[in-house]
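Hi everyone, thanks for coming. Today I'd like to walk you through one protein model, step by step. Please have a look at it first.

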Amino acid sequence: MALRSLVSRKTLGLGLKLQFRGLQTFSLPDLPYDYGALEPAISGEIMQLHHQKHHQTYITNYNKSLEQLHHAMEKGDSSAVVKLQSAIKFNGGGHVNHSIFWKNLTPVQEGGGEPPHGNLGWAIDEDFGSLDSLIKKMSTEGAAVQGSGWVWLGLDKESKKLVVETTENQDPLVTKGPLVPLLGVDVWEHAYYLQYKNVRPDYLKNIWKVMNWKYAGEVYDKESS
(Lines give C-alpha, C1' and ligand atoms only; values in the text may rest on other atoms or scores of the structure.)
Protein backbone atom coordinates (compact mmCIF):
# COMPACT_ATOMS: atom_id res chain seq x y z
CA MET A 1 0.00 0.00 0.00
CA ALA A 2 1.61 3.27 -1.11
CA LEU A 3 -0.24 5.33 1.48
CA ARG A 4 1.28 3.45 4.38
CA SER A 5 4.64 5.09 3.68
CA LEU A 6 3.01 8.53 3.86
CA VAL A 7 1.59 8.10 7.33
CA SER A 8 4.32 6.51 9.35
CA ARG A 9 4.87 7.38 13.00
CA LYS A 10 8.39 8.52 12.14
CA THR A 11 7.35 11.21 9.67
CA LEU A 12 4.24 12.52 11.44
CA GLY A 13 4.64 11.81 15.12
CA LEU A 14 0.91 11.02 15.40
CA GLY A 15 -0.93 8.78 17.80
CA LEU A 16 -1.59 5.59 15.87
CA LYS A 17 -3.21 2.28 16.73
CA LEU A 18 -1.86 -0.84 15.06
CA GLN A 19 -4.41 -3.28 13.70
CA PHE A 20 -5.14 -5.41 10.68
CA ARG A 21 -1.81 -7.22 10.48
CA GLY A 22 0.40 -4.15 10.53
CA LEU A 23 -1.84 -1.67 8.73
CA GLN A 24 -2.08 1.53 10.74
CA THR A 25 -5.33 3.05 11.89
CA PHE A 26 -5.64 6.58 13.24
CA SER A 27 -7.04 8.40 16.24
CA LEU A 28 -7.82 12.11 16.42
CA PRO A 29 -4.80 14.08 17.70
CA ASP A 30 -5.34 16.77 20.31
CA LEU A 31 -4.84 20.38 19.28
CA PRO A 32 -1.90 22.16 20.96
CA TYR A 33 -4.16 25.15 21.76
CA ASP A 34 -7.78 25.93 22.64
CA TYR A 35 -10.35 26.20 19.85
CA GLY A 36 -10.75 29.94 20.44
CA ALA A 37 -7.03 30.67 20.71
CA LEU A 38 -6.65 31.69 17.05
CA GLU A 39 -9.36 34.36 17.13
CA PRO A 40 -9.96 36.74 15.49
CA ALA A 41 -8.10 35.22 12.52
CA ILE A 42 -10.02 31.93 12.80
CA SER A 43 -13.09 31.62 14.99
CA GLY A 44 -13.37 29.06 17.75
CA GLU A 45 -16.55 27.72 16.18
CA ILE A 46 -14.74 26.96 12.94
CA MET A 47 -11.81 25.34 14.72
CA GLN A 48 -14.06 23.11 16.80
CA LEU A 49 -16.14 21.96 13.83
CA HIS A 50 -13.07 21.56 11.65
CA HIS A 51 -11.27 19.43 14.21
CA GLN A 52 -14.07 17.46 15.89
CA LYS A 53 -16.28 16.91 12.86
CA HIS A 54 -14.30 17.14 9.62
CA HIS A 55 -10.97 15.73 10.75
CA GLN A 56 -12.72 13.04 12.79
CA THR A 57 -14.78 12.04 9.75
CA TYR A 58 -11.64 11.46 7.68
CA ILE A 59 -10.27 9.27 10.47
CA THR A 60 -13.49 7.31 10.89
CA ASN A 61 -13.80 6.66 7.17
CA TYR A 62 -10.11 5.76 6.80
CA ASN A 63 -10.28 3.24 9.63
CA LYS A 64 -13.48 1.78 8.17
CA SER A 65 -11.82 1.45 4.77
CA LEU A 66 -8.84 -0.33 6.32
CA GLU A 67 -11.15 -2.81 8.00
CA GLN A 68 -12.89 -3.44 4.69
CA LEU A 69 -9.50 -3.81 3.02
CA HIS A 70 -8.44 -6.36 5.61
CA HIS A 71 -11.51 -8.48 4.94
CA ALA A 72 -11.14 -8.12 1.17
CA MET A 73 -7.52 -9.27 1.35
CA GLU A 74 -8.46 -12.23 3.51
CA LYS A 75 -11.04 -13.24 0.91
CA GLY A 76 -8.69 -12.61 -1.98
CA ASP A 77 -11.21 -10.16 -3.45
CA SER A 78 -8.93 -8.14 -5.74
CA SER A 79 -11.80 -6.06 -7.15
CA ALA A 80 -12.74 -4.85 -3.67
CA VAL A 81 -9.09 -4.13 -2.86
CA VAL A 82 -8.75 -1.92 -5.94
CA LYS A 83 -12.09 -0.20 -5.27
CA LEU A 84 -10.99 0.80 -1.75
CA GLN A 85 -7.84 2.61 -2.90
CA SER A 86 -9.55 5.93 -3.60
CA ALA A 87 -11.26 6.00 -0.18
CA ILE A 88 -8.01 5.18 1.57
CA LYS A 89 -6.13 7.87 -0.32
CA PHE A 90 -8.81 10.54 0.23
CA ASN A 91 -9.48 9.92 3.90
CA GLY A 92 -5.90 9.05 4.78
CA GLY A 93 -4.75 12.18 3.00
CA GLY A 94 -7.33 14.19 4.92
CA HIS A 95 -5.85 12.98 8.18
CA VAL A 96 -2.25 13.54 7.11
CA ASN A 97 -2.97 17.06 5.82
CA HIS A 98 -4.98 18.19 8.83
CA SER A 99 -2.43 16.84 11.28
CA ILE A 100 0.14 19.09 9.61
CA PHE A 101 -2.27 22.02 9.40
CA TRP A 102 -2.93 22.14 13.16
CA LYS A 103 0.80 22.35 13.83
CA ASN A 104 1.18 25.11 11.23
CA LEU A 105 -1.00 27.39 13.36
CA THR A 106 -0.37 28.92 16.77
CA PRO A 107 -1.88 31.77 18.83
CA VAL A 108 -0.44 35.26 18.43
CA GLN A 109 0.64 35.31 22.09
CA GLU A 110 2.67 32.16 21.45
CA GLY A 111 4.44 33.49 18.38
CA GLY A 112 1.76 33.19 15.72
CA GLY A 113 2.58 35.38 12.75
CA GLU A 114 6.15 36.08 13.80
CA PRO A 115 8.38 35.92 10.71
CA PRO A 116 10.75 32.99 10.27
CA HIS A 117 14.33 33.36 11.38
CA GLY A 118 17.51 31.41 10.80
CA ASN A 119 17.90 28.98 7.92
CA LEU A 120 14.28 29.05 6.76
CA GLY A 121 14.21 32.84 6.68
CA TRP A 122 17.36 32.92 4.57
CA ALA A 123 16.02 30.22 2.23
CA ILE A 124 12.77 32.16 1.72
CA ASP A 125 14.72 35.30 0.80
CA GLU A 126 16.90 33.33 -1.62
CA ASP A 127 14.09 31.41 -3.34
CA PHE A 128 11.28 33.99 -3.29
CA GLY A 129 12.96 37.34 -2.72
CA SER A 130 11.18 38.08 0.56
CA LEU A 131 8.65 36.71 3.00
CA ASP A 132 6.03 39.13 1.64
CA SER A 133 6.58 37.76 -1.86
CA LEU A 134 6.14 34.19 -0.62
CA ILE A 135 2.95 35.04 1.26
CA LYS A 136 1.55 36.82 -1.78
CA LYS A 137 2.36 33.84 -4.00
CA MET A 138 0.79 31.31 -1.64
CA SER A 139 -2.30 33.46 -1.10
CA THR A 140 -2.75 34.01 -4.84
CA GLU A 141 -2.35 30.33 -5.69
CA GLY A 142 -4.55 29.28 -2.79
CA ALA A 143 -7.31 31.65 -3.90
CA ALA A 144 -7.07 30.23 -7.44
CA VAL A 145 -7.64 26.60 -6.39
CA GLN A 146 -10.85 25.50 -8.07
CA GLY A 147 -13.15 23.66 -5.73
CA SER A 148 -11.35 22.19 -2.73
CA GLY A 149 -7.69 21.66 -1.97
CA TRP A 150 -4.54 22.91 -0.30
CA VAL A 151 -1.68 25.31 -0.94
CA TRP A 152 1.73 24.30 0.37
CA LEU A 153 5.20 25.55 1.08
CA GLY A 154 7.44 22.56 0.60
CA LEU A 155 11.09 21.61 0.51
CA ASP A 156 12.23 19.78 -2.60
CA LYS A 157 14.51 17.05 -1.23
CA GLU A 158 16.41 16.74 -4.49
CA SER A 159 17.06 20.38 -5.38
CA LYS A 160 17.04 21.60 -1.74
CA LYS A 161 14.87 24.51 -2.92
CA LEU A 162 11.63 25.79 -1.48
CA VAL A 163 8.56 25.39 -3.68
CA VAL A 164 4.92 26.46 -3.60
CA GLU A 165 2.47 23.82 -4.78
CA THR A 166 -1.26 23.22 -4.69
CA THR A 167 -3.00 19.86 -4.33
CA GLU A 168 -6.57 18.88 -5.10
CA ASN A 169 -9.06 17.59 -2.55
CA GLN A 170 -7.09 15.81 0.19
CA ASP A 171 -4.05 14.80 -1.85
CA PRO A 172 -0.92 15.05 0.33
CA LEU A 173 2.00 17.12 -0.94
CA VAL A 174 4.11 13.99 -1.51
CA THR A 175 1.86 13.15 -4.45
CA LYS A 176 3.65 15.98 -6.30
CA GLY A 177 7.13 14.50 -5.91
CA PRO A 178 9.92 14.30 -3.31
CA LEU A 179 8.52 17.26 -1.37
CA VAL A 180 8.44 17.76 2.40
CA PRO A 181 5.53 19.92 3.65
CA LEU A 182 6.63 22.88 5.76
CA LEU A 183 3.33 24.77 5.71
CA GLY A 184 -0.06 23.74 4.40
CA VAL A 185 -3.12 25.97 4.17
CA ASP A 186 -6.52 24.31 3.89
CA VAL A 187 -8.66 26.08 1.27
CA TRP A 188 -11.68 23.82 1.58
CA GLU A 189 -14.75 25.90 2.40
CA HIS A 190 -15.17 24.12 5.73
CA ALA A 191 -11.96 25.84 6.87
CA TYR A 192 -13.37 29.35 6.57
CA TYR A 193 -16.97 29.62 5.32
CA LEU A 194 -18.72 30.19 8.67
CA GLN A 195 -16.55 33.27 9.20
CA TYR A 196 -15.52 34.49 5.76
CA LYS A 197 -18.44 33.18 3.68
CA ASN A 198 -17.29 32.79 0.07
CA VAL A 199 -14.48 35.36 0.32
CA ARG A 200 -11.52 32.98 0.40
CA PRO A 201 -8.94 35.77 -0.17
CA ASP A 202 -9.88 37.38 3.17
CA TYR A 203 -9.27 34.07 4.95
CA LEU A 204 -5.93 33.75 3.18
CA LYS A 205 -5.02 37.28 4.20
CA ASN A 206 -5.71 36.71 7.89
CA ILE A 207 -4.40 33.20 8.40
CA TRP A 208 -0.82 34.48 8.21
CA LYS A 209 -1.43 36.29 11.51
CA VAL A 210 -1.44 32.92 13.29
CA MET A 211 1.07 31.04 11.15
CA ASN A 212 3.61 29.01 13.12
CA TRP A 213 6.82 29.81 11.28
CA LYS A 214 8.87 28.44 14.17
CA TYR A 215 7.46 24.96 13.54
CA ALA A 216 8.09 25.29 9.80
CA GLY A 217 11.66 26.32 10.54
CA GLU A 218 12.22 23.28 12.73
CA VAL A 219 10.98 20.96 9.99
CA TYR A 220 13.16 22.76 7.45
CA ASP A 221 16.27 22.43 9.60
CA LYS A 222 15.64 18.72 10.10
CA GLU A 223 14.89 17.91 6.48
CA SER A 224 17.52 20.11 4.81
CA SER A 225 20.48 18.86 6.84
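Let's start with a word we'll need a lot: a residue is buried when its relative accessible area is under 20%, exposed when it is over 50%, and partly exposed in between, using a 1.4 Å probe and protein chains only. By that rule, buried residues make up 49% of the 225 residues in the protein chain.

Two notes on how to read this. The model is predicted, so local features need pLDDT of at least 70 and side-chain atom pairs count only at pLDDT 80 or more, while totals for chains, interfaces and linings use all residues. Residues are numbered from 1 along each chain as its sequence is written, and side-chain values use heavy atoms, with hydrogens and water left out.

Now the overall layout. Helices (H or I, at least four residues) and strands (E, at least two) are DSSP runs, numbered from the N terminus. The protein chain has 9 helices and 5 strands. Among contacts between residues at least 6 apart in sequence, 66% join residues at least 24 apart.

Let's zoom in on one helix. Just after α5 comes G129, with a positive phi of about 95°.

Next, a record. UniProt, in an unreviewed entry, places the feature "binding site" at H50, H98, D186 and H190. UniProt positions are given in the numbering used here, feature names are shortened, and annotations may be inferred rather than shown by experiment. These residues are spread over 141 residues of sequence, yet they cluster in space, with a largest C-alpha distance of 12.2 Å.

Take H98, which lies in helix α4, residues 85-103. H98 is buried, with a relative accessible area of 0%. Not counting residues up to four places away in sequence, H98 touches H50, H55, Y58, W150, Q170, D186 and H190.

H190 lies in the loop between β5 and α7 (193-196), and is buried at 16% relative accessible area. The side chains of H190 and H50 are joined by a polar contact of 3.2 Å. A polar contact is a pair of N or O atoms within 3.5 Å; within protein, one must be able to donate a hydrogen and the other to accept it, and residues adjacent in sequence count only if both atoms are side-chain atoms.

Where is Q170? Q170 is in the loop between β4 and β5, and its side chain makes a polar contact of 2.9 Å with the side chain of W150.

That brings us to the rings. Rings of Phe, Tyr and Trp (its six-membered ring) pair if their centres lie within 6.5 Å; planes under 30 degrees apart count as stacked, over 60 as edge-to-face and the rest as tilted. The structure holds 9 aromatic pairs. F101 and W102 form a tilted pair, 5.5 Å centre to centre with 50° between the planes. W150 and W152 form a stacked pair, at 5.4 Å and 20°. Ring pairs link F101, W102, W150 and W152 into a cluster.

Terms used: Contact means heavy atoms within 4.5 Å.
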